[in-house]
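What follows is a walk through one protein model, taken a few residues at a time. Keep the sequence and the 3D view side by side while reading.

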Amino acid sequence: MMNVRRLILEGEGVTLDFKKTITSCEKIAKTMVSFANNKGGRLLVGVSDDGTINGVKSEDEENYMLTKAAHFFCKPALEPIFQEIYIDDKIILVVEIKKSEMKPHYALGDDKKWWVYIRVNDKSVLASKVVVEVLKRENNDQGVFLEYTSKEKALLEYLEENQRITSREYSHMLNLSSRRSQRILVNLVLSGVIRLHTTEKEEYYTAS
């Protein structure tokens, strides 16, 4: 039996999100996709952001909304695992989203466009082009052909002197198009030479 009280005490994070109720398929799809694109996670429905246990009013309705979001607002579709847990005479829905082998997953936004989200701390954040590319290529087994030209060398030398660099700084430093610099960064991330860090404000790279 899962210790839901302990989960609630730990608070929201990379693999845990609280939802008092499910109000929109778009919003919930965003969270589901960010879990699937990361290392999986759980949604606790019927729990407020501050950890208050409210319980769900109608588990059938919530189940329907969650399933609809997973099937029609996530691409490729997701298959959440549902569990109902009784606490203090209230029902909480625990919705588990597994880490996916079919990344990246896209969520349908209010703007009717499909977007990729990843989980950063307790937020679902829009993924950058580099992250989307890394997710796409993590799944295919072709391996990475690592070119080691002056451009890669300059980046690694810079990182020996400085702790971190952003994609924009790298483009600027070597006068590369953003597309070219992103391609180099994706290859270096996938081959484990550099590490990608996503924060809510910006992404940066460090030497591995």
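**Salt bridges, a helix pair and some backbone details**

Lys 112 is exposed, with a relative accessible area of 56%. The value comes from a predicted model, as do the others below. Lys 112 has a salt-bridge partner, Glu 26, and the closest N and O atoms of the two are 3.8 Å apart. The pair links distant parts of the chain: Lys 112 sits in the loop between β6 (106-108) and β7 (114-120), while Glu 26 belongs to helix α2 (residues 25-36), 86 residues apart. Glu 26 has a relative accessibility of 18% and counts as buried, because buried means under 20% relative accessible area.

Side chains of opposite charge can pair when their charged atoms come close. How many salt bridges does the structure hold? There are eight.

One of them lies within helix α5, where Glu 157 and Lys 153 are four residues apart and so separated by about one helical turn. The closest N and O atoms of this pair are 3.4 Å apart. Glu 157 is partly exposed, at 42% relative accessibility, and Lys 153 is partly exposed with a relative accessible area of 42%.

Another salt bridge joins the side chains of Arg 164 and Glu 202, with an N to O distance of 3.6 Å. Arg 164 is in the loop between α5 and α6, and Glu 202 is in the loop between β9 (194-198) and β10 (203-207), so this pair ties together parts that are 38 residues apart in sequence. Arg 164 counts as partly exposed at 41% relative accessibility, and Glu 202 is partly exposed at 36%. Salt bridges can also share partners: Asp 17, Lys 19 and Arg 119 are joined in this way into one network.

Helix α5 covers residues 150-161 and helix α6 covers residues 167-174; their axes come within 11 Å and cross at roughly 120°. That angle makes α5 oblique to α6. The crossing in which α5 passes α6 is right-handed. On the α5 side the contact is made by Lys 151, Glu 152, Ala 154, Leu 155 and Tyr 158, and on the α6 side by Tyr 170, Met 173 and Leu 174. Sorted by class, the residues in this contact are six nonpolar, two charged and no polar.

Which residues does a cis peptide bond with an omega of about -15° join? They are Lys 75 and Pro 76. Pro 76 is in the loop between β3 (74-75) and β4 (81-87). A cis peptide bond also joins Lys 103 and Pro 104, with omega at about -5°. Here the proline, Pro 104, is in the loop between β5 (90-97) and β6.

Asp 89 is a residue other than glycine, yet its phi is positive, near 60°. Asp 89 is found in the loop between β4 and β5, and at 81% relative accessibility it counts as exposed. Asn 121 is not a glycine either, and has a positive phi of about 50°. The place of Asn 121 is the loop between β7 and β8 (123-126).

Note on methods. Residues numbered from 1 in each chain as written. Predicted model: local features only at pLDDT ≥ 70, side-chain atom pairs only at ≥ 80, totals over all residues. Heavy atoms only, no water. Axes fitted to C-alpha atoms, helices over the stretch in contact; angles between N-to-C directions. Helix = DSSP H or I, 4+ residues; strand = E, 2+ residues; numbered from the N terminus. Parallel < 35°, antiparallel > 145°, perpendicular 65-115°, else oblique. Left-handed = near helix turned anticlockwise from the far one by under 90°. Contact = heavy atoms within 4.5 Å. Nonpolar A, V, L, I, M, F, W, Y, C, P; charged D, E, K, R; others polar. Salt bridge = Lys/Arg side-chain N within 4 Å of Asp/Glu carboxyl O. Buried < 20%, exposed > 50% of the residue type's maximum accessible area, 1.4 Å probe, protein only.
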